[in-house]
Every structure is written in C-alpha cells, then in structure tokens.
Amino acid sequence: MTDIARAAGCSQATVSFVLNNSPGIRLSQQTRDRVIEAAKALGYSPPVFSALRPPVTPFEGLDGVIGFAVDQLATSPEAVVAIEGARQASWNAGNVLLVAQTMGDSVMEPRAIQALTRRGISALIYMTIFTREITAPDFLYSLDIPVILLNCYTADYAFPAVVPSEIAGGQSATRHLIAHGHRRIATITGEPWMQAAQDRLKGYRRALATADIPFDPELVVEGDWSASAGYAATVKLLALKERPTAIFCQNDRTAIGCYEALKEAGLHIPQDISVVGYDDEEIARHLFPPLTTSILPHLAMGQWAIEQLETPPTPGRGRYPITKLECPLVERESVADVKG
C-alpha cells in the first residue's frame, strides 16, 4: 500500500480505503480511479486486495472469537504486522481477534490466557517477538482448544508452528550480491545470541560456500540491530586494508547507520559499495538510494496461523512439523555490479 500511495500521490490510508472498498468513506471517483490505476501499474489485480484471497473456512465449532497472545506488542512492528495478517484472515471468515500482551511473565501470562479463554475463544495463537525455541508453559498443554505457535516452536513439536526461513533469507540476500559480481562481501550481524542473527549468518556462509568464495572472518562484524552499530561496523570495515565491495546488513536499521558511514567517507551507494538490508521496514523505501532488502513474512505468518484452523490441530495429538515461510528479496536501487 505504501508503494501504491506514492505512485498515486495520496496517503496509505486512502489506498487502504479504496482497495478494501471500505464502506462509509467518501472519496472522489477521480481519487479511486487514480489508486486503482497505480495498483494496476505496479502489477496488482484490481479492484480490491480482499478479493485476491479466498475466504478462510472456519473449522466446525469455531464460534467467531480467536485469542492472540504475544509477549511484547509495543516494542517493534513485527507483532502488529502478524496480528494484522491474522486479522485479515479472520475477518474473511467473519471471526474476530482478542489480543493480549503477556511480557512472558510467569504469573501474569497464564492469567492473561485464562482471561481470553473465559471470553469463549475457540483457538489460541501464541507468539513471541524473537524467533526462538521455547519451553511451552504447562497451561498451553492443558487447553482444550487448538493452539498455534507463531515465530516460535517447541522441541517436542506438540503444536503447529510457523517461523521465518532465516537461513534461506540470508542466503538469498548474499547470493543476490554474488550475482552482481561481488566476491568480497561483508556482513554486519545482529546480536549473536539471537536465532535470527545465527541463521542469517549461516545463510551468508552457505551462499559464499556455494559460490566457492572463501569465508573471511574479518568481513563479519558483530552488531546489535541498531543504526549506531551499523555505523560503527561500517567504519571498521572501511578501515580494512582491502575494503569490501558490498555489505549485507542483517536488518534495515543497521543499514541506516551503514549508509551514513559510507556517505561520510565520500562513497556512493551503489557505485562504490553495494548495500543489502533485511526486514523491509518502511524506512527502506525512503533511504537514498532505496534499499534492497528481504521481507520478514510476519503478515503471511499471521494469515498462516488462521488458515491452520481450517483443519484444526487436536490438542495433545503429538508431533507437528515446523513451517518456515520465505523471506523474499525486494530489489531496489542499492546494489550494482562490482566495478572492474
């Protein structure tokens, strides 16, 4: 919707109203036509997004209320995006979400889940903000309704679970740079204790190995997902005797700092150094040049969680596979062929 809004010269809210055919919103036909034409030009199918997705058929017994529990809601956009994906899929079937933030607190979390169940939820989506293996609290096993894990999983595979395919995402981002002729590719990681950082680094290393490019540890700089860490890491990389021709920043905020350091050094993106990010936050579209990055599929993960309720998991049934959703690469203007 952001891309369409820019092309149509209107707000994202206006795009949403037009493409969802929202009732009670008074917009001129000229504005509606402009939005639809912009959507067509960008490859979307008119007239509305909601028509592109078939309704989700709820399983027998779903009474229209689904619980969504997340440990952190206000600290990052990922939870909100996942909730929106679940909301879209729920509304297609006439169901609503009840959302609770739990902070993972051992006392308040079970009370929050109990509050949801008392309101008659027919299923529960349980999300963590950081992708990781969890030890599911005992009360999840005792629920007599389906439980879906979002952005987390358990070692016993007791619940259907969905996470981003981070290794493949890191591999795709690095492979994109290799396809443009880069061989000296640096990466700025996230905090190493986080699974997302570990997996994106694994993908980076796999892409290098597949292309027969030797791994060089001096081209890997540890960051903490922040713009300031991206800036400091880039300064360190530029001080190398042989600087990289491309930098894979493992999130978009890191890329913001990377951009600043490169510009401060008098270097041009992508003519002198190519840059790739990760997460596809809205800021990625507005950097100069716009940032090539990978989409974190939280919207699709929220939709996936609801879709599992078409054939509901049986509580206590046994093992369920972990579903990994693709982190597709969005090509913009921050990557160019290597010089020479």
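A residue is called buried here when its relative accessible area is under 20%. By that criterion, 50% of the 340 residues of the chain count as buried. Please bear in mind throughout that this is a predicted model. The chain has twelve helices and twelve strands. Among contacts with a separation of 6 or more, 73% are between residues 24 or more positions apart.

Let me turn to the interior. In soluble globular proteins, nonpolar side chains tend to be buried together. In this model, the largest nonpolar core has 35 residues, and I247 and V275 are those with the most contacts inside it. Which elements supply at least two residues each to this core? They are the helices α7 (166-179), α8 (195-210), α9 (227-238) and α10 (252-264), together with the strands β6 (185-188), β8 and β9. Leaving aside neighbours within four places in sequence, V275 is in contact with I247, and its other partners include C249, C258, L262, I269 and V335. Another core, of 23 residues, lies apart from that one, and I121, I134, L149 and F159 are among its members.

A search of the whole structure finds zero disulfides. The cysteine sulfur nearest to that of C249 belongs to C258, at 3.9 Å, and C249 is in no disulfide. A disulfide would require the two sulfur atoms to be within 2.5 Å. Another cysteine, C327, also counts as buried, at 4% relative accessibility.

Next, the aromatic residues. A pair of aromatic rings is described by the distance of the centres and the angle of the planes. The count of aromatic pairs in this model comes to four. In one of them, the rings of Y141 and F159 have their centres 5.1 Å apart and their planes at 50 degrees, so the pair is tilted. Y141 belongs to helix α6 (residues 138-142), whereas F159 is in the loop between β4 (147-154) and β5 (161-164), 18 residues apart.

F248 lies in strand β8 (residues 246-249) and Y278 in the loop between β9 (274-276) and α11 (283-286), so the pair ties together parts that are 30 residues apart in sequence. Both F248 and Y278 are buried.

Arginine side chains also meet aromatic faces. R87 lies over the face of W91, 4.3 Å from the ring centre, and R205 lies over the face of F215, 3.7 Å from the ring centre.

I now come to Q250, which is found in the loop between β8 and α10. Beyond residues up to four places away in sequence, Q250 touches T187, I188, R200, W225 and Y278, among others.

F130, in strand β3 (residues 124-134), is partly exposed, with a relative accessible area of 35%. Its contacts, leaving aside neighbours within four places in sequence, are Q72, N151, W193 and M194. F130 and M194 are 64 residues apart in sequence, yet 7.6 Å apart in space, C-alpha to C-alpha.

Helix α12 (residues 298-307) is mostly covered, with seven of its ten residues buried. W304 and M301 are among these buried residues.

Finally, some backbone details. The peptide bond from I269 to P270 is cis, with omega near 0 degrees, and P270 is placed in the loop between α10 and β9. The bond from F288 to P289 is cis as well, with omega near -5 degrees; P289 is in the loop between α11 and β10 (293-294). N151 lies in strand β4 and is buried, at 1%. D212 lies in the loop between α8 and β7 (220-221) and is exposed, at 64%.

Key: Residues are numbered from 1 along each chain as its sequence is written. This is a predicted model: local features need pLDDT of at least 70, side-chain atom pairs count only at pLDDT 80 or more; totals for chains, interfaces and linings use all residues. Side-chain values use heavy atoms; hydrogens and water are left out. Rings of Phe, Tyr and Trp (its six-membered ring) pair if their centres lie within 6.5 Å; planes under 30 degrees apart count as stacked, over 60 as edge-to-face and the rest as tilted. Helices (H or I, at least four residues) and strands (E, at least two) are DSSP runs, numbered from the N terminus. Buried means under 20% relative accessible area, exposed over 50%, partly exposed in between (1.4 Å probe, protein chains only). A charge sits over a ring if NZ of Lys or CZ of Arg is within 6 Å of the ring centre and within 35 degrees of the ring normal. A nonpolar core is a set of buried Ala, Val, Leu, Ile, Met, Phe, Trp, Tyr and Cys residues joined through side-chain atoms within 4.5 Å. Contact means heavy atoms within 4.5 Å.
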